[in-house]
Amino acid sequence: MRLVRNAVREPVAELVKGRRPQPVLVQTMRSAAAATIAYVVALWLSNEPAPLTAPLTALLVVQVTLYSTLTTGIRRVNAVVAGVLVASGFSVLVGLTWWSLGLIIVASLIVGRLVRVDEFVPEVAISAMLVLGVTRVASTAWDRVLETLIGAVVGLLFNFLFVPPVWVRTAGQSIEDLSRRMRQLLLRIGEGLTETTPVERAADRLHEARRLDHDISAVDADLRQAEDSVRLNPRVKEGLLRRVVLRTGLDTLEICTVVLRVLARTLTDLAKERTEEPLFPQEVGIALQELLARVGNAVVSFAVLVTTEASQSAETAEARLAEDLEAANASRERLAGLLLEGVQRHPRQWQLHGALLTEIDRILDELDMENRSKRLMEELDRASRETRERYPLLAAMWQWVRDACHWVRDAQPRRG
């Protein structure tokens, strides 16, 4: 019955995951709106009949998150302004030809390095080509600069007035999905331990464990976006705490996937040594299967804990994790006794038995709540210190916005 429920649950989970809001759609609508507004404003303020540089700049400035807008907006504006000036100079000297196009690209890339726009160097050349294609009169250079500033201001104000969405829930769902895949793998590893296990089947489990690295990369991308979405976001309370909780949680699961891969390798090596007999005696195999299932439950409970926001729900998740860890440790002690008795009678491959227990101990140690709390406090202190040292002005601005939002909220009359 449990297998049937799992078989139904996985496709449903994938369907729900596929129906989550995607940043691409949201960003498309935001970019289109910001570019349109920038174009309308530029029509009012610029002398150009078609001020396309303004919407171009707005498209480049508006980012998925407020944090990335603030941290990259200035460099993007510099890149566009540099491209406009390069294009204006070329329009006076040579105009647009096939060879001047090559020269303007080279010159723009060099200028981009000189003005230190970092990863936006190609945008200097892009802006220069676009401007050179629509104008050949040097007197329009200042109009292009004005349009660039209009687009930049509109883009920045757009993200201030319409704060980008917070993607913490999407990242949390990705972390939980990862933990459930790890649990399913642990359950599959525990199948057939009391039978003769073909090396090919054990190797398949090892390859499946290695493929978890790709899942980690995908979750990490979601988490990076979530981290940016809560930075400097006045709508988010305790944004630093949420970032650190999710990041340390993913780090823990990543370590567990590495250990899980080693565990699968240990069982594969054992299968190579016992090609004509079961991997373990009946009692030992059942105990190990039970332990792997309990470890899988603890992994899922850990993921639920780190992705839970409400305090009451967090207490429930913490209690559930404590129960799963207690049950897993009890199963571990029982298995250790059985393995010791077996090794004393038949010491073959004793080192693989010891490695198996060590790997399980490492996973349980990573999931331990006391160790996690200690690491969480260390990461919070480190992250707070680095933020203040690297971005003192942004940190002060963010604190001012947060205080202003709280003042407005507290000043509103309460109902009832």
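**Exercise 1. Is Trp99 buried, partly exposed or exposed?**

Before you start: this is a predicted model, where local features need pLDDT of at least 70, side-chain atom pairs count only at pLDDT 80 or more, and totals for chains, interfaces and linings use all residues. Residues are numbered from 1 along each chain as its sequence is written, and side-chain values use heavy atoms, leaving out hydrogens and water.

*Solution.* 
- Step 1: find Trp99 in helix H5. Helices here are DSSP runs (H or I, at least four residues), numbered from the N terminus.
- Step 2: recall the cut-offs: buried is under 20% relative accessible area, exposed is over 50%, and partly exposed is in between (1.4 Å probe, protein chains only).
- Step 3: Trp99 has a relative accessible area of 39%, so call it partly exposed.

**Exercise 2. Decide how far to trust the chain.**

*Solution.* 
- Step 1: the average pLDDT (the predictor's confidence in each residue, from 0 to 100) is 78, and 77% of the residues score at least 70.
- Step 2: confidence is lowest in helix H1 (residues 2-18), with a mean of 37, and highest in helix H11 (residues 282-307), at 92.

Key. Helices (H or I, at least four residues) and strands (E, at least two) are DSSP runs, numbered from the N terminus.
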